[in-house]
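Biologist: Could you walk me through this structure? I have not looked at it before.

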Amino acid sequence: MKTSIRVLCLGSLLAVSAVAGAQTYGPKDEGRRFNDGSKVVCHNVDVQRNSRDPNRITGTATGAVVGGLLGNQVGGGNGKKLATVAGAVAGGAAGRQIQGNQQSKNGDRVVERRCERQYR
């Protein structure tokens, strides 16, 4: 019983020390140097923000429906089924690409400044 309590206490201390050791740095820390020779370095990162549909589900679904309808107009019998499936797949890929292009044009991507500690 005493051993399990000691192990639990030791595990809790290790978890707390790991969380306490996690340090984040911001642009105000850029160039800061530490005794071990490390320093804080910042760089710009391109990230996607404020997108209503970051996975492009709307474009993919719309493209698949339109492609499937167009593919259904081609061929007959089993060829018609194959054309419908192929049209849906191609339309989904095209719709996803078109939505992605529109999102990048409309400013859904922003530049963020991120900083990290670099060790030599």
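Modeller: We can start with the overall layout and then go through a few residues. Please keep in mind that this is a predicted model.

Biologist: Fine. How many helices and strands does the protein have?

Modeller: The protein has three helices and two strands, and along the sequence they follow the pattern α-β-α-α-β.

Biologist: And what share of the residues counts as buried?

Modeller: Of the 120 residues, 21% count as buried. The accessible surface comes to about 9,100 Å², and 58% of that surface belongs to carbon and sulfur atoms.

Biologist: What about contacts between residues at least 6 apart in sequence, how many of those join residues at least 24 apart?

Modeller: Among those contacts, 74% join residues that are at least 24 apart.

Biologist: Which residues make up the largest nonpolar core?

Modeller: That core has five residues in all, namely Tyr25, Phe34, Val40, Cys42 and Cys115.

Biologist: Two cysteines in there. How many disulfides does a search of the whole structure find?

Modeller: The search finds one disulfide, and it joins Cys42 to Cys115, with an S to S distance of 1.9 Å. Cys42 lies in strand β1 and Cys115 in strand β2, which covers residues 109–118, so the pair ties together parts that are 73 residues apart in sequence.

Biologist: Remind me what kind of bond that is?

Modeller: A disulfide is a covalent bond between the sulfur atoms of two cysteines.

Biologist: Why is the disulfide of Cys42 and Cys115 called right-handed?

Modeller: The torsion about the S-S bond of Cys42 and Cys115 is about 105°, and that is why the disulfide is described as right-handed.

Biologist: Are Cys42 and Cys115 buried or exposed?

Modeller: Both Cys42 and Cys115 are buried.

Biologist: Back to the core, then. How many aromatic pairs are there?

Modeller: The count comes to one aromatic pair. Tyr25 and Phe34 form that pair, with 6.0 Å from centre to centre and 65° between the planes, and since planes over 60 degrees apart count as edge-to-face, the arrangement is edge-to-face.

Biologist: Why does Tyr25 count as buried?

Modeller: Tyr25 has a relative accessible area of 15%, and buried means under 20%, so Tyr25 is buried. Phe34 is buried as well, with a relative accessible area of 18%.

Biologist: What is Tyr25 in contact with, leaving aside its neighbours within four places in sequence?

Modeller: With those neighbours left aside, Tyr25 is in contact with Arg32, Phe34, Val40, Cys115 and Arg117.

Biologist: And which residue lies over the face of Phe34?

Modeller: That residue is Arg117, which lies over the face of Phe34 at 3.7 Å from the ring centre.

Biologist: Changing topic: where does Asp29 lie?

Modeller: Asp29 lies in the loop between α1, residues 2–21, and β1, residues 39–48. Asp29 is buried, with a relative accessible area of 14%, and apart from residues up to four places away in sequence, Asp29 touches Thr24 and Val40.

Biologist: What about Asp53, buried or exposed?

Modeller: Asp53 counts as buried, at 14% relative accessibility, and its place is in the loop between β1 and α2. Leaving aside neighbours within four places in sequence, Asp53 is in contact with Thr58, Gly59, Gln99 and Gln103. Asp53 and Gln103 are 50 residues apart along the chain, and their C-alpha atoms are separated by 9.1 Å.

Biologist: What is the phi of Arg56?

Modeller: Phi of Arg56 is near 60°, which is a positive value in a residue other than glycine. Arg56 is found in the loop between β1 and α2, the latter spanning 57–72, and Arg56 is partly exposed, with a relative accessible area of 25%.

Biologist: Last topic, helix α3. Where do Gly95 and Lys81 sit?

Modeller: Gly95 is found in helix α3, residues 78–105, and Lys81 lies in helix α3 too. Gly95 is buried, with a relative accessible area of 10%, whereas Lys81 is exposed, with a relative accessible area of 57%.

Biologist: What does Gly95 touch, not counting residues up to four places away in sequence?

Modeller: With those residues not counted, Gly95 touches Gly59, Thr60 and Gly63. Gly95 and Gly63 are 32 residues apart in sequence, while from C-alpha to C-alpha they are 4.3 Å apart in space.

Notes. Residues numbered from 1 in each chain as written. Predicted model: local features only at pLDDT ≥ 70, side-chain atom pairs only at ≥ 80, totals over all residues. Heavy atoms only, no water. Phe/Tyr/Trp six-rings, centres within 6.5 Å; stacked < 30°, edge-to-face > 60°. Buried < 20%, exposed > 50% of the residue type's maximum accessible area, 1.4 Å probe, protein only. Lys NZ or Arg CZ within 6 Å of the ring centre and 35° of its normal. Helix = DSSP H or I, 4+ residues; strand = E, 2+ residues; numbered from the N terminus. Contact = heavy atoms within 4.5 Å. Areas by Shrake-Rupley, 256 points an atom, 1.4 Å probe, with all protein chains shown as cover. Core = buried A, V, L, I, M, F, W, Y, C linked by side-chain atoms within 4.5 Å. Disulfide = S-S within 2.5 Å.
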